[in-house]
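Have a look at the fold first, and then we'll go through it part by part.

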Amino acid sequence: MIVEVKIPLVSSVWEFDLNEEAMIYDIQNEIMETVCQKMHMEYDSSLKTLLLHMQSKSILNNYQTVVQAGVKKGDTLIIV
């Protein structure tokens, strides 16, 4: 499912194709690794970040799948 991901820290917006059965924690790390790699930055996995869901105005639970968290095609997520 394609979603928009905003990352204010680096002033960027990306589109990602998410596996609906993947855990939010894994998706968040995958997004950060991909963005850092493409921007030639080093990713520190020990950094604590949150994944916000714009449509529900909530912080997504790291221990839910994308579907369980209520994320749908075309939604906007923000990593802070």
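Let's start with a pair of strands: β1 (residues 2-7) and β2 (residues 12-17) run antiparallel to each other, paired over six bridges. Keep in mind as you look that this is a predicted model. The two strands make a hairpin with four residues between them, and S11 in that turn has a positive phi of about 50°. If you want to see how the strands line up, find V3, which sits opposite F16 in β2.

Strand β2 also has two faces to compare. On the covered side you'll find S12, W14 and F16, while V13, E15 and D17 are on the uncovered side.

Now for the inside. In soluble globular proteins, nonpolar side chains tend to be buried together. Here the largest nonpolar core has 23 residues. Which of them touch the most other members? They are V5, I7, L18, I31, V71 and L77. β1, β2, α1 and β5 (76-79) each put in at least two residues, and α1 gives the largest share of this core, with six.

Leaving out residues up to four places away in sequence, L18 touches M1, V3, I27, I31, V66 and L77.

Rolling a probe the size of a water molecule over the atoms shows where empty space is left.

| Pocket | Volume | Lining by class |
|---|---|---|
| Largest pocket | about 220 Å³ | 12 nonpolar, one polar, two charged residues |
| Second largest pocket | about 150 Å³ | three nonpolar, six polar, one charged residues |

The largest pocket is lined by 15 residues, and the closest to its centre are L9, V10, M32, C36 and L47. Helix α1 (residues 24-38) supplies the largest share of that lining, three residues. As for the second largest pocket, its lining includes Y25, Q28, N29 and Y43. L47 is also part of the lining of the second largest pocket.

Last stop: K73, in the loop between β4 (58-59) and β5. Is K73 buried or exposed? K73 counts as exposed because its relative accessibility is 71%, and the cut-off for exposed is over 50%. Apart from neighbours within four places in sequence, K73 is in contact with M1 and I2.

Key. Residues numbered from 1 in each chain as written. Predicted model: local features only at pLDDT ≥ 70, side-chain atom pairs only at ≥ 80, totals over all residues. Heavy atoms only, no water. 1 Å grid on protein atoms, 1.4 Å probe; cavity = no way out; pocket = protein on both sides within 12 Å on 5 of 7 lines; lining within 4 Å. Points joined across faces, edges and corners; volume = space filled by probe spheres on them. Nonpolar A, V, L, I, M, F, W, Y, C, P; charged D, E, K, R; others polar. Buried < 20%, exposed > 50% of the residue type's maximum accessible area, 1.4 Å probe, protein only. Pairing = 2+ DSSP bridges. Core = buried A, V, L, I, M, F, W, Y, C linked by side-chain atoms within 4.5 Å. Contact = heavy atoms within 4.5 Å.
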